[in-house]
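I opened my notebook to look up a metal site, a domain contact and some charged pairs. My entries follow.

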Amino acid sequence: MVAGSFTPSCKANLSRDAGGIIIGIESTAHTFSFGWVDGLGAPGQSKSAFVRPVEGGIHPREAADHHSQAASRLLSDLLAEEVFDISDVVAISFSQGPGLGPCLRVGASVARALSIKLDVPLIGVNHCVAHIEVGRERCNCDDPVLLYVSGGNTQIIARLDGRYRVLGETLDIGIGNMLDKFARTQGIPFPGGPRVEELALKWLEKNPKPSLDGLELPYAVQGMDLAFSGILNAALNLIEKGKPLEAVCWSLQEHAFAACVEVAERAMAHSGKTELLLGGGVACNSRIREMCDLMAESRGATSHVPEKSLCIDNGSMIATLGRLQLLWGEPTKITDSAIRQDLRTDETDIVWN
Ligand code: AMP
Ligand code: MG
């Protein structure tokens with residue numbers, strides 16, 4: 001991989017007007033969300049509902065039931081704000097994959113129904129690519145390395161030859177799932193990541209110069225890939241040994257985030273790219289943001305992250321990518337609109353390049 005083989009700047013071509021509002025529907029896992037972008041690509045405020053299991057992880061069918069029940073209320077809430085009129089809508093985009101099958105099917109069905117009812121094009125989009133494009137749009141990034149840290153996904157991605165290529169990724173669970181699972185064992189409900197962050201900050205308040213002595217965890221970087229189940233088990237062992245929860249939360253963040261940032265830095269070094277873009281729900285975390293800032297600064301690069309409402313799964317990011325596909329590519333035929341649970345980041349052609 002050499003820097004020269006990467007596709008050049010594409011930002012210059014993105015300011016076309018799609019001529020109206022594009023609605024985006026997100027339903028890959030725990031979130032059902034309607035969002036939108038205007039004709040020039042400015043993302044609006046999404047209306048979202050989240051599955052919060054009383055115990056255990058997310059059950060795909062129960063989450064799908066939740067999404068079906070939430071859909072019409074959320075759309076009504078969005079339209080009730082009267083930020084745009086339904087007659088201004090020029091296309092409906094939806095997360096076609098990757099994700100949990102039953103959840104994806106709800107979003108796809110709602111999208112097909114709306115597209116037929118409004119007689120506007122349907123656009124199936126890749127959820128992971130949507131995280132990248134909403135970040136590029138909001139942060140005015142051109143050609144970044146993306147550190148995508150969400151519940152189910154952890155990937156380090158960069159553009160090469162017309163696709164977003166996965167340069168490194170988790171070999172087992174996503175970093176957000178790891179934080180959520182750890183939190184659940186401590187009686188903290190989903191999503192656990194924000195609470196782990198709060199507890200880690202409390203530890204820092206009590207220990208301004210904290211030490212990792214007695215709090216070491218495995219550092220699972222394997223080449224350009226990552227793994228989080230070993231860190232999770234080791235953190236649970238520390239709790240069993242009586243280490244304070246706040247201390248373990250702090251150590252868990254330090255180890256897991258440093259591993260991600262190390263791989264992202266190597267991706268930047270190999271690719272010659274000078275922008276880092278954070279995306280996914282875990283990008284809401286102030287410590288991973290700080291680590292990315294420090295890493296980027298130390299190599300004369302820049303680090304970017306969109307506002308929190310656009311880091312977590314949301315409909316507006318789906319609309320953002322839907323708009324680009326509408327402008328530069330083809331709408332999705334109903335016959336091609338089946339969901340793709342295993343859709344990979346690098347299967348989507350960057351036609352808006
Ligand atoms: P997503 O799948 O992209 O919607 O992101 C959801 C994931 O982000 C869940 O695993 C959350 O626990 C995690 N998350 C959200 N906020 C934070 C935070 N402040 N720190 C760490 N993880 C977070
Ligand atoms: Mg996501």
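**Entry 1: the metal site**

I began with the spacing of the residues that donate to the magnesium ion (ligand 2), which reads H-x3-H-x181-D in sequence. The model is predicted, so I note its limits: local features need pLDDT of at least 70, side-chain atom pairs count only at pLDDT 80 or more, and totals for chains, interfaces and linings use all residues. Residues are numbered from 1 along each chain as its sequence is written, chains are lettered from A and ligands numbered from 1 in written order, and side-chain values use heavy atoms, without hydrogens and water.

Which protein atoms hold the magnesium ion (ligand 2) as donors? I found His127 (NE2), His131 (NE2) and Asp313 (OD), 2.1 to 2.3 Å from the ion. Donors here are N, O and S atoms within 2.8 Å of the metal (3.2 Å for Na, K and Ca); water is not among the atoms, so sites may look incomplete.

His127 and His131 sit 4 residues apart in helix 3 (residues 127-139), so about one helical turn separates them. Helices (H or I, at least four residues) and strands (E, at least two) are DSSP runs, numbered from the N terminus. Are His127 and His131 buried or exposed? Both are buried. Buried means under 20% relative accessible area, exposed over 50%, and partly exposed in between (1.4 Å probe, protein chains only).

**Entry 2: two domains**

I looked up the domain assignment next. It gives domain 1 (14-134 + 311-347) and domain 2 (143-306); such bounds come from an automatic or database assignment. Domain 1 brings 19 residues to the contact and domain 2 brings 21, where contact means heavy atoms within 4.5 Å.

About 1,700 Å² is buried between domain 1 and domain 2, with 63% from carbon and sulfur atoms. Buried area is the accessible area (1.4 Å probe) that two parts lose on being put together, summed over both. On the domain 1 side, Ile132, Cys311 and Asp346 lose the most area to domain 2, together 35% of what that side buries.

**Entry 3: salt bridges**

I counted a salt bridge when a side-chain nitrogen of Lys or Arg lies within 4 Å of a carboxyl oxygen of Asp or Glu. The rule gives 15 salt bridges, and 1 across the interface of domain 1 and domain 2.

Glu133 pairs with Arg136, their closest N and O atoms 2.6 Å apart. Both lie in helix 3, 3 residues apart.

Glu169 pairs with Arg344 at 3.0 Å between the closest N and O atoms. Arg344 is partly exposed, at 31% relative accessibility.
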